[in-house]
Amino acid sequence: MEETRCKFWLPKKNRFCSNARLNDSSFSVLKENLDGHVKRCPLLKQVRSLSQQPFYHKGINAGKEDDEEELGAVTSTAVEDNVTSEMKRNAVHSMTVPEFCNLIKKIESVHALICNGICDSFKIPEACGMWIKREIDRKLPFQEKHVTQQASILGNLEEFGVLKNSVGVNQDDEKAAPAVVEFGAGRGYLTQMLADCYGTKRVFLADRSLRQKESLTIERLRIDIEDLDLSAVESLRNVPYLAIGKHLCGPATDLALRCCLMEQYTQDNVEHCSSNNYIRDKKYMLNLGITKEEFHAISWFTSWAVDADHGLDHLDFTDSRMHLESIEKELGSGLPVGVEDIVRNMKAVERAVLGFMCKQIIDVGRLMWMKEQGLEAELVKYVPSSISPENHLLIAKLASLS
């Protein structure tokens, strides 16, 4: 019976996994059958097929060692990727209480210094009227808050000068309706709104569904963003395009930025969680006094942004007055406490406020990096936090397009 159980050791429970082993040959293959399996493995065929695509370039957007030489330590992307969330958490918990308090004070100080220029920019453009009024295909799911977010994203892009209102515009004008590359498309509704409201005719997606329109040409790039060389996509060569991403996680956000900058066309990217692949202005971070270890802690704190009840309109996630309340209470109890105890007893709203502060610091780092690349860039709050607390929009374009 023991042989039928999984042999994965669970250190916290001090025992082996109690689940039965997976006997599916797609997950495990006997050594004597391996040669035969390799000849017919569908995943291997898919990998080989992908590697033959002209736009496949292994690790092209992962960053060079020079890019990762942040904060005085030269590390490769592979080494950085080994810094897991658990390792970051353990590093924070191993801090002394004074070190932890000093880190929080530094975060508050840096946030106050660099994040006060993020402006509110809630825009509902005329071009999106058909979606706002629900004059769309009834088969499409309609959620008002999501439509409002998408409309404001496009309104900000229009005001920034990378989209043109399609009303009264020649629909055959490619410059008026550039091609769209959507990273992390979700169900593709942001691109769908672009097609419906701005006359977009050519769309490049990463393996996502999108309602097919007669006038819309869709090409799916089934590839990891890290390995995507947009300059080698034949149908995209010499074609102006708009790059967007609303559903990207942290690593994918930065990979997408690098991917776009290979060609340096117009690009737009919505903020999401931090990452080990994070692209940042090293001098800028150094001047702020943020060490490599502190950055790992800051990136771990961003996960706290989801802790509070975001449905409560009265919560102000940029309020910096609450962070040390729980700490002072713990220290005043007279009982011996460590950082893990302090973190466990912090109020959810305190954790959320700190998390959002760290997110904003990371976003400003992205903004400064993009400006360093010669782009005209802005970071705005595109909807009120009552609609979505994840409300930062990072937009950029070549200065020559202004």
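Me: Is Lys 106 buried, partly exposed or exposed?

Reply: Relative accessible area decides the class: buried means under 20%, exposed over 50%, and partly exposed in between, with a 1.4 Å probe and protein chains only. Lys 106 has a relative accessible area of 26%, so Lys 106 is partly exposed. Please keep in mind that this is a predicted model, in which local features need pLDDT of at least 70 and side-chain atom pairs count only at pLDDT 80 or more, while totals for chains, interfaces and linings use all residues. Residues are numbered from 1 along each chain as its sequence is written, and side-chain values use heavy atoms, with hydrogens and water left out.

Me: What is the average pLDDT of the chain?

Reply: The term pLDDT denotes the predictor's confidence in each residue, from 0 to 100. Here the chain averages 77, and 70% of the residues score at least 70. Over residues 65–80 the pLDDT stays under 50, and the model has 37 contacts (heavy atoms within 4.5 Å) beyond four places in sequence for them. Residues 265–276 also have a pLDDT below 50, with 73 contacts in the model beyond near neighbours in sequence.

Me: How many helices and strands does the chain have?

Reply: Both are DSSP runs, numbered from the N terminus: helices are H or I runs of at least four residues, and strands are E runs of at least two. The chain comes to 14 helices and 10 strands. Of its 402 residues, 48% are buried. Among contacts with a separation of 6 or more, 67% are between residues 24 or more positions apart.

Me: Which strand pairs with β4, and in what sense?

Reply: Two strands pair if DSSP finds at least two bridges between them. Strand β4 (residues 179–182) is joined by 3 bridges to strand β5 (residues 202–205), and the two run parallel. Glu 182 has Leu 205 in β5 opposite. On to the next pairing: β5 and strand β6 (residues 217–220) are parallel as well, with 4 bridges. Val 203 has Ile 218 in β6 as its bridge partner.

Me: Which residue forms a salt bridge with Glu 294?

Reply: Side chains of opposite charge can pair when their charged atoms come close. The rule for a salt bridge is a side-chain nitrogen of Lys or Arg within 4 Å of a carboxyl oxygen of Asp or Glu. The count by this rule is 9. In one of them, Glu 294 pairs with Lys 106, and the closest N and O atoms are 2.9 Å apart. Because Glu 294 lies in helix α11 (residues 292–301) and Lys 106 in helix α5 (residues 97–114), the pair ties together parts that are 188 residues apart in sequence. Glu 294 counts as buried because its relative accessibility is 16%.

Me: At what angle do α5 and α11 cross?

Reply: Axes are lines fitted to C-alpha atoms, for helices over the stretch in contact, and angles run from 0 to 180 degrees between N-to-C directions. The axes of α5 and α11 cross at roughly 75° and come within 11 Å. Angles of 65 to 115 degrees count as roughly perpendicular, under 35 as roughly parallel, over 145 as roughly antiparallel, and the rest as oblique. The two helices, α5 and α11, are therefore roughly perpendicular. Where they meet, Phe 100, Leu 103, Lys 106 and Ile 107 come from α5, and Glu 294, Ala 297, Ile 298 and Phe 301 from α11.

Me: Is Cys 259 buried or exposed?

Reply: Cys 259 counts as buried because its relative accessibility is 0%. This residue lies in helix α9 (residues 250–261). Leaving aside residues up to four places away in sequence, Cys 259 touches Asn 61, Phe 183, Ile 225, Leu 228 and Leu 230.

Me: What is the phi of Asn 238?

Reply: Most residues other than glycine have a negative phi. The phi of Asn 238 is near 60°, a positive value in a residue other than glycine. Asn 238 is found in the loop between β6 and β7 (241–244), and is exposed, with a relative accessible area of 74%.
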